[in-house]
Structures are given as structure tokens and as C-alpha cells.
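I opened my notebook today to look up a few things in a protein model. Here is what I wrote down, one entry at a time.

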Amino acid sequence: MREAELLELIVAKHNELEEYHSMDVSSSLVKLLEEEIKELETIFATNDTKRLELRIFLDTCDENKKAPAKLG
């Protein structure tokens, strides 16, 4: 993931956080998203490529876990 993509993701997460605030989402979900934003901002600020790679891997695993299994 390049710097521009990481910045886009950070902006998207900030927009999502604003939506959460306007929709009065539970405080635990807001806190979780705030922590995710902090992590992304830290990765960007420190240019921590290993941490970013680990995050991408874990996000991919999470997406695969959510996807329905294909039959056949």
C-alpha cells in the first residue's frame, strides 16, 4: 500500500467516524474506529512498513473469514 492509498484510507475512516457520531452509534464502536485511525496514522507517521504489511494481512484474513464459502 502506497502513502497515497494509506492517506485515502485514513480520510475514509475519519469520514466513517463522523457518520458514527451523527448516527449516535454505540460508544464501543466509536472507540474501536478511533483506535483504528490512531494505528493507521501512526503507521503513516513512522513509515512502519512491517506493521502495515501485518495489518494488510490481518485485514485480508478478516475479509476472507466474512466471505461466504463457495460450494461446488
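Entry one, salt bridges. I began with the rule: a salt bridge is a side-chain nitrogen of Lys or Arg within 4 Å of a carboxyl oxygen of Asp or Glu. Side chains of opposite charge can pair when their charged atoms come close. I then looked at Glu-16 and found that it forms a salt bridge with Lys-13, with 3.9 Å between the closest N and O atoms. Both Glu-16 and Lys-13 sit in helix 1 (residues 3-23), three residues apart, or about one turn of the helix. By this rule I get a count of eight salt bridges.

Entry two, confidence. I reminded myself that this is a predicted model. The average pLDDT of the protein is 88, and 90% of the residues score at least 70. Confidence is highest in helix 2 (residues 27-46), at a mean of 94, and lowest in helix 3, at 85.

How do the axes of helix 2 and helix 3 cross? I found that they come within 9 Å and cross at roughly 140 degrees. That makes helix 2 oblique to helix 3. On the helix 2 side, the contact is made by Glu-36, Glu-39, Leu-40, Thr-42 and Ile-43, and on the helix 3 side by Arg-51, Leu-52 and Arg-55.

Which residues make a nonpolar surface patch of about 320 Å²? I noted Leu-54, Phe-57 and Leu-58. Of these, I placed Phe-57 in helix 3 (residues 49-66).

Definitions and conventions: Residues numbered from 1 in each chain as written. Predicted model: local features only at pLDDT ≥ 70, side-chain atom pairs only at ≥ 80, totals over all residues. Heavy atoms only, no water. Patch = residues over 30% accessible without salt bridge, like charges linked within 9 Å, V, L, I, M, F, W, Y side chains within 5 Å. Areas by Shrake-Rupley, 256 points an atom, 1.4 Å probe, with all protein chains shown as cover. Helix = DSSP H or I, 4+ residues; strand = E, 2+ residues; numbered from the N terminus. pLDDT = per-residue confidence, 0-100. Axes fitted to C-alpha atoms, helices over the stretch in contact; angles between N-to-C directions. Parallel < 35°, antiparallel > 145°, perpendicular 65-115°, else oblique. Contact = heavy atoms within 4.5 Å.
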